[in-house]
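Good morning, and thank you for coming.

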Amino acid sequence: SPAMAQQAAAPAATASAPYLVIDLNRVVLESAALKAVQPTLEAKKNAFESKLKTYQEQLSNDARALQQQAESGIAAPDVLQAKQRELQEKAQKADQEVQQLRTDYTRTSAFVESQILNGSKPVIDQIIKERGATLVLNRDAVVFASPNIDITGEVIARMQKSLPTVSTTPPAQQEQAQQAAPAKK
């Protein structure tokens, strides 16, 4: 019957068009490149966290001192207002500095991840050719996959040689925007 012929043809098509699965998150996290630059990333993260903590303590102490002066009546109201504006300006400056450090860390992390994912593409392409696959799915999009079609470990192992490290200096934001924007003709 035609229905049985279609059902019989479906498995044959699947056999000639194998699928592969990869966990891209694991590729990034377990890559030699990420492990190589991890100290730099940690230093950037610690820099903004440390600066944030320092500023929080300083601003808290300054605010307490200002509150004590206001309650004691030692300082004139106009002096207190000037000190309060000064404290607000100091807080804004501190927030900007911490935000700049946080942004630097975030940009660097994203740049590192992007390089690792881009570096995985040739390795994945090579495995696709070797196995004659027609489709590779990210592990996050798959409910179940047989372990024999998961190429994550193989990609990680091959990338140790092909991409042992990456840069931790992202391009300037202007350059990055130009690279991301399509070329206008």
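I shall go from the overall fold to the nonpolar cores, and then to one threonine.

Please keep in mind that this is a predicted model. The chain contains 6 helices and 2 strands. Followed along the sequence, these elements come in the order α-β-α-α-α-β-α-α.

Next, the surface and the interior. The chain exposes about 12600 Å², and carbon and sulfur atoms supply 54% of that area. Of the 185 residues, 24% are buried. If we take the contacts between residues at least 6 apart in sequence, 88% of them join residues at least 24 apart.

In soluble globular proteins, nonpolar side chains tend to be buried together. Here, the largest nonpolar core has 20 residues, and among those with the most contacts inside it are Leu34, Val112, Ile116 and Met159. At least two residues each are supplied by β1, α2, α3, α4 and α5. Helix α4 gives the largest share of this core, 5 residues. A separate core of 8 residues includes Leu59, Leu87, Ala94 and Val98.

Beyond its neighbours within four places in sequence, Met159 is in contact with Val27, Ile116, Gly119, Ser120, Val123 and Pro164.

Finally, is Thr108 buried or exposed? Thr108 lies in helix α4, which spans residues 77-131. Its relative accessibility is 0%, and buried means under 20%, so Thr108 counts as buried. Setting aside residues up to four places away in sequence, Thr108 touches Leu41, Lys44, Thr168 and Pro170.

Thank you for your attention.

Key. Residues numbered from 1 in each chain as written. Predicted model: local features only at pLDDT ≥ 70, side-chain atom pairs only at ≥ 80, totals over all residues. Heavy atoms only, no water. Helix = DSSP H or I, 4+ residues; strand = E, 2+ residues; numbered from the N terminus. Buried < 20%, exposed > 50% of the residue type's maximum accessible area, 1.4 Å probe, protein only. Contact = heavy atoms within 4.5 Å. Areas by Shrake-Rupley, 256 points an atom, 1.4 Å probe, with all protein chains shown as cover. Core = buried A, V, L, I, M, F, W, Y, C linked by side-chain atoms within 4.5 Å.
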